[in-house]
Amino acid sequence: MATAHEPQPGVLHHIELWVPDLTRATRSWGWLLGALGAQPFQSWEHGRSWRWADGSYLVVERSPALTGDRHERRAPGLNHLAFWAGSPAELDALVAEAPAHGWSLLFGDRHPFAGGPDHRAAYLADADGYEVELVART
């Protein structure tokens with residue numbers, strides 16, 4: 001049986017996103033992940049990663065094996081990643097700052113309740129079509 005200090009089965013280890021432009025992804029994802037408490041973790045020719053205190057991390061990589069040039073969230077595959085964003089005020093601050101870092105607000109006509117009247121969140125997309133959902137604590 002695992003102790004409190006050992007990773008638990010089923011807990012997320014990492015996410016790896018293949019991106020068409022590493023510089024652009026580093027700008028947008030680096031800001032967002034840093035704002036959500038992740039620290040720079042790894043850096044190599046084709047990628048970067050950021051890690052949280054629990055050990056989970058997210059990678060953006062411009063792999064030489066990449067076959068496309070844009071992510072399509074509405075196609076089969078990954079639609080979006082969802083992160084806790086803190087309080088409603090912290091969510092609002094992230095949304096206000098996001099455009100300066102390459103993110104645009106989706107579903108603006110229904111923001112911040114695009115997910116329903118009891119779900120306060122922001123849906124953002126980066127320049128490459130990746131979507132994140134930032135969820136406020138209630």
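## Close-up views of a predicted model

**View 1. Helix 1, checked end to end.** Welcome to a predicted model; helix 1 takes in residues 22–35.

View 2. Just past the helix, look for Gly 37, whose phi is positive at about 100 degrees.

**View 3. Buried residues of helix 1.** Leu 22, Ala 25, Ser 28, Trp 29, Gly 30, Trp 31, Leu 32 and Leu 33 are buried. An α-helix has 3.6 residues a turn, so residues three or four places apart point the same way.

View 4. Four strands make up an open sheet, in the order 5-8-7-6 and with mixed pairing. Strand 5 (80–86) and strand 6 (103–106) each have a single partner strand, so one side of each has no neighbour in the sheet. From one strand to the next, the twist averages 35 degrees.

**View 5. Strand 5 beside strand 8.** These two strands run parallel, and 6 bridges join strand 5 to strand 8 (residues 131–136). Within this pair, Leu 81 sits opposite Val 132 of strand 8.

**View 6. Helices across the sheet.** Helix 1 lies across strands 5, 6, 7 (121–126) and 8, at about 70 degrees to strand 6. Helix 2 (residues 88–97) also lies across strands 5, 6, 7 and 8, and runs at about 125 degrees to strand 5.

Key
Residues are numbered from 1 along each chain as its sequence is written. This is a predicted model: local features need pLDDT of at least 70, side-chain atom pairs count only at pLDDT 80 or more; totals for chains, interfaces and linings use all residues. Side-chain values use heavy atoms; hydrogens and water are left out. Two strands pair if DSSP finds at least two bridges between them. Axes are lines fitted to C-alpha atoms, for helices over the stretch in contact, and angles run from 0 to 180 degrees between N-to-C directions. Contact means heavy atoms within 4.5 Å. Buried means under 20% relative accessible area, exposed over 50%, partly exposed in between (1.4 Å probe, protein chains only).
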